[in-house]
Amino acid sequence: METARVLVAADKFKGSLTAAQVAERVTAGLRRAVPGVRVETLPVADGGDGTVAAAVAAGFERREARVTGPLGEPVTAAYALRGTTAVVEMAEASGLQHLPAGVFAPLTATTYGSGELLAAALDAGARTLVFGVGGSATTDGGAGMLAALGARFLDAEGKPVGPGGGGLAALAEADLSGLDPRLAEVDLILASDVDNPLTGPKGAPEVYGRQKGATEDDIKVLDAALAHYASVLGPEHARLPGAGAAGGIGYGALVALGARFRPGIEVMLDVLGFAPALARATLVITGEGSLDEQTLHGKAPAGVAAAARAAGVEVVAVCGRLALTQEALTAAGIRRAYALADLEPDPAVSMAQAGPLLERACEALARDFLRP
C-alpha cells in the first residue's frame, strides 16, 4: 500500500485554537495512531480574522503598525509580507476585538486604521495587496479607510463629516483627488466570504449591524446614510458582490480603489500555495470550529474540499460542533467529519479542552483512514 501523505489545511477553531494550533494537534493525534505518517500542514483562512496568522504560518513575514482603532484610539495591527505581496486583514485595525467588552459604536466606529494599514503595506513595498475583510466593528462604507488614504468627505459647509456610518448622512461632497497615487499601480484584491450588496434587505446594516451593537433605529439610520454615500460616490458599485462586506468597506475598495472581488478562500489558497501542497497529498484534513450552513457558503473548509475534490483527493474534516447532515457533507466533498462535541458534549468544556480532544478525534480519524 502506498504510504499516506496527509495535508492538514484547516481554519481556526474560533475562541479555542488558531489554525496553526489546529494543525499541530491534528498532526499529534495522527502520529499517535500511525507513527510514521507523513504530514504537511498549511493553516488556512478565508479572508476574515486569522488571515494574517495563516499567511505568517505559510512563510510570510509578520509586520506591525500603529494605527487608529475603530473608536479612534491607537492600536497595534499586523499584516503579512512576502516579496511584493502583502496580506492585510481589516479586522487587525478595525475589528470587533478592539472594542472593550460590551462596548459598541455602530454609528461612529471607523475604518480609518484599515486605510493606515494598507498605506503601511504600500510603504513596505507591496504591489499586490490581498485585503481580507471580515470581523469588523464598523459600518462606514469604507469612508474612514479612504480618508486615511487621502480622500476627503465634506458636509454642506465644507467641513469633514463625522466618523462612522452615521456621519455620512451629512455628506455633500466626496473628493477622491487626493488618494495615494500608488493605489493606481497596485493589484488590490478584495478577499471576502461575503457577497452582500451595500444596502437594502441583504445589505451590510441589515444583515450584520446587530452583531456590532446596532439597534433597529440605528440600522435604518445606517442604511439610509450608506445609500446617500453611494449616491454621491457611485450607486452602481453598491450592488456589486462584496460591496457589503465588513460594514461596506468592500464598497469603498471597489468604488474608489479599483479593487477586484474574489472569494476569500480562493484567494488565500492561491497565496498560501495550496495547489502544490495538494499535489503531494493522498488525504486532506480540513475543518473549523463549527461546521454548519455558513460553512457551505464560502468558508475555508468548503473551499478546501472543492479544490481537493477537483484534484481527486479525498477529504475528511474536524470541527468543534457539527451541524450538517452527512448528505450535506458529501455534497460539499467531505467524506466524513469528526466533531469534538461527540467526545465532550459540554460546549464550555469542549472549547477549554479543544487541543487534547482534537488529538483524540484525530487518533480515531487515523485508525479509520490511514491504517492499511
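A nonpolar core is a set of buried Ala, Val, Leu, Ile, Met, Phe, Trp, Tyr and Cys residues joined through side-chain atoms within 4.5 Å, where buried means under 20% relative accessible area with a 1.4 Å probe, protein chains only. The model is predicted: local features need pLDDT of at least 70, side-chain atom pairs count only at pLDDT 80 or more, and totals for chains, interfaces and linings use all residues. Residues are numbered from 1 along each chain as its sequence is written, and side-chain values use heavy atoms, with hydrogens and water left out.

Select F131, Y229 and L257 to begin: among the 53 residues of the largest nonpolar core, these touch the most other members. Helix α9 (residues 245–256) supplies the largest share of this core, eight residues; helices here are DSSP runs of H or I, at least four residues, numbered from the N terminus.

Next, centre on L257. Beyond its neighbours within four places in sequence, L257 has contacts (heavy atoms within 4.5 Å) with L118, M145, L146, L149, L179, L183, L188 and G252. A second, separate core of 41 residues can then be displayed through V52, A281, A317 and I334, which are included in it.

Continue to helix α10 (residues 264–272), which is mostly covered, with seven of its nine residues buried. To show the buried set, select G264, I265, V267, M268, L269, V271 and L272. In general, an α-helix has 3.6 residues a turn, so residues three or four places apart point the same way.

Technical notes:
Buried means under 20% relative accessible area, exposed over 50%, partly exposed in between (1.4 Å probe, protein chains only). Helices (H or I, at least four residues) and strands (E, at least two) are DSSP runs, numbered from the N terminus.
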